[in-house]
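Let's take a friendly walk through this protein together. Keep the viewer open and follow along from strand to strand and helix to helix.

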Amino acid sequence: RLSNSKQSGVVFTRSSKINEMEQVAETWVETYLNNKNTLYNWIAYKLIPMASVRLDEKTKEYRLFFNDKLSVGFSDSCSIPFRDQNRVVDFFLNEDGWSVSGKTERSGIDPVGVYWTIQKLVKYPAAKEALETLLLGDLIPDEHPALSNAKQFVGENGEEASLVMSAYELISDIGRSFGTIYKNPFYQLWDELASSKEAPVPLLKEKAEGNINQLGRYVDWVPSLSASPDFPVEPLTKVQSVLTPIWKDIHKYRIDKSIKGVDNIPFDRSEALDLLSQQYYWIHINVDDPFDEDGAGCILSALCVYIYQASEKLENINSKDMRDLFSDYLVTLLNTIENKPSEIDRQVYDYFNTEVKKCTKGDGINDGWSLEEYAEWLRNGKSPEGKQIYGHFDMGQLEIDLFCRVFRIGVQVFRGGEPYRLEKGLMLPIRSYGPRTREQVILFNETGVSSDGFSFYALMPKLRSPISYGSQRDSSEIKSALKHNRDFWERNHEKDWGQ
């Protein structure tokens with residue numbers, strides 16, 4: 001695939017210009033860095049399937065083993081907050097030579113995840129072809145049919161597209177890690193590989209604004225509740241009517257107040273909310289819970305706000321239906337596992353089973369709840385007999401993952417101390433969960449200390465007022481969505497109680 005060909009569209013050159021530098025502001029950067037990163041990604045893609053997956057007896061985690069001297073696993077990160085500088089630095093505790101230490105934009109690497117994802121793609125030749133094309137995308141002209149077809153594929157093919165994008169992101173993480181850790185050996189490689197002064201100039205593509213993963217493959221949100229047909233559909237229909245019209249072209253309707261001069265979301269709560277409030281409304285409440293007088297907790301409350309925003313007054317929102325829905329989903333998953341589960345069903349089960357045990361493990365009291373016990377607790381609020389009692393405040397990210405699975409909508413989360421990305425001037429999180437729907441649920445996680453920190457806020461971009469007259473007047477559905485933004489989000493902006 002790295003050979004130049006009309007079919008693949010790849011433009012690979014051995015020109016010595018590959019090492020050229022250019023000055024941007026006061027910093028010197030590599031002009032053709034994207035070309036180099038493409039090779040690093042390709043090395044990771046070809047290298048990882050050569051390994052074997054085994055359980056490490058010391059850590060009880062699966063790792064890739066290449067030989068007796070090299071084994072790699074998921075990055076074990078330790079986040080250190082620097083309060084005086086409003087930043088968090090991630091230090092990776094791995095000693096495998098693949099995890100970058102110091103400040104990073106992501107939570108490390110997951111080579112085992114790459115291995116299993118590539119194995120799944122073997123059954124889908126078209127998906128594997130799309131992945132390879134996207135990995136080589138910076139060496140392929142934008143107008144080439146191969147690249148256009150790959151982008152179209154990941155926008156239209158559901159489960160297969162999700163596998164492609166998961167592999168693409170995880171491999172890109174490892175490629176960037178390679179480029180940092182092995183910078184000096186790679187310099188020698190480029191001196192040997194690209195030394196020609198007569199070869200064509202390397203392909204230089206315009207850098208796309210925003211995230212490396214924004215490939216134009218968003219899909220519209222289609223709410224589905226197959227796991228719980230008794231759940232009232234009206235809240236979903238209403239919230240879709242106010243989210244979908246706006247997110248089709250969010251930049252057309254948002255208040256244009258671009259952010260400048262701030263690299264990270266401040267670690268301090270007040271400073272972070274001041275920054276976010278320039279572009280977002282926020283709501284921080286603790287909705288009623290039928291089994292807990294202390295309420296449903298920040299995460300579940302923020303998610304309930306999004307689902308019920310168009311059908312309930314803020315003070316009337318209750319977590320009962322959401323709890324039942326999560327329970328129904330898990331019960332359906334458990335029933336599937338007992339019958340004929342697919343490989344993906346098995347992996348989803350393993351993930352939630354592990355997360356529940358991790359969230360409910362007591363200090364010397366018990367080994368955590370089973371998935372069946374957690375599903376029952378969601379339904380009736382009763383903790384398993386003889387085991388430690390827990391509430392929503394202890395569940396961390398678990399409820400976000402359940403929400404994404406159940407409602408099939410993407411969730412993005414700002415975190416204190418972390419970077420954010422800019423898309424046409426709009427601040428957007430670098431952390432995302434669930435499917436890549438055009439419509440998004442936006443949250444802010446106050447703490448930047450741990451990966452499952454608490455105090456979550458529901459966020460919504462601030463939008464302009466409806467235009468009712470003249471050639472620029474809005475359609476009726478847009479006017480209704482903009483009016484809702486003002487009536488619900490502006491009216492409840494900075495509501496902060498119950499915590």
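Which residue in S14 is the bridge partner of Tyr280? In S14, Pro461 is the bridge partner of Tyr280. Before going further, a word on the ground rules: this is a predicted model, in which local features need pLDDT of at least 70 and side-chain atom pairs count only at pLDDT 80 or more, while totals for chains, interfaces and linings use all residues. Residues are numbered from 1 along each chain as its sequence is written, and side-chain values use heavy atoms, with hydrogens and water left out.

The protein has 15 helices and 15 strands; helices (H or I, at least four residues) and strands (E, at least two) are DSSP runs, numbered from the N terminus. Buried residues make up 49% of its 499 residues, where buried means under 20% relative accessible area, exposed over 50% and partly exposed in between (1.4 Å probe, protein chains only). Among the contacts with a separation of 6 or more, 67% come from residues 24 or more positions apart; contact means heavy atoms within 4.5 Å.

Back to the sheet. Strand S8 (residues 280-284) and strand S14 (residues 456-461) pair in the antiparallel sense over 4 bridges; two strands pair if DSSP finds at least two bridges between them. They belong to an open sheet of 6 strands with mixed pairing, in the order S12-S9-S13-S14-S8-S15. S12 and strand S15 (495-496) stand at the edges with a single partner strand each, so one side of each has no neighbour in the sheet. Helix H15 (residues 476-492) lies across S8, S14 and S15, running at about 60° to S8.

Now look at S9 (residues 410-415), where 6 of the 6 residues are buried, so this strand is largely enclosed by the rest of the structure. In a regular strand the side chains alternate between the two faces of the sheet. Both faces of S9 are covered, with Gly410, Gln412 and Phe414 buried on one side and Val411, Val413 and Arg415 buried on the other. S9 pairs with strand S13 (residues 440-445) in the parallel sense over 6 bridges, and Gly410 stands opposite Gln440 there. With strand S12 (residues 431-433), S9 runs antiparallel, joined by 3 bridges; Gln412 has Ser432 as its bridge partner in S12.

Just after H14, Arg408 takes a positive phi of about 55°.

How does H14 pack? Two packed helices are described by the angle between their axes and the distance between the axes. The axes of helix H10 (residues 298-308) and helix H14 (residues 398-407) come within 10 Å and cross at roughly 25°. That makes H10 roughly parallel to H14, since angles under 35 degrees count as roughly parallel, over 145 as roughly antiparallel, 65 to 115 as roughly perpendicular and the rest as oblique. Axes here are lines fitted to C-alpha atoms, for helices over the stretch in contact, and angles run from 0 to 180 degrees between N-to-C directions. In this contact, Ile299, Leu300, Leu303 and Ile307 in H10 meet Glu399, Ile400, Phe403 and Phe407 in H14. These residues divide into 7 nonpolar, no polar and 1 charged; Ala, Val, Leu, Ile, Met, Phe, Trp, Tyr, Cys and Pro count as nonpolar, Asp, Glu, Lys and Arg as charged, and the others, Gly among them, as polar.
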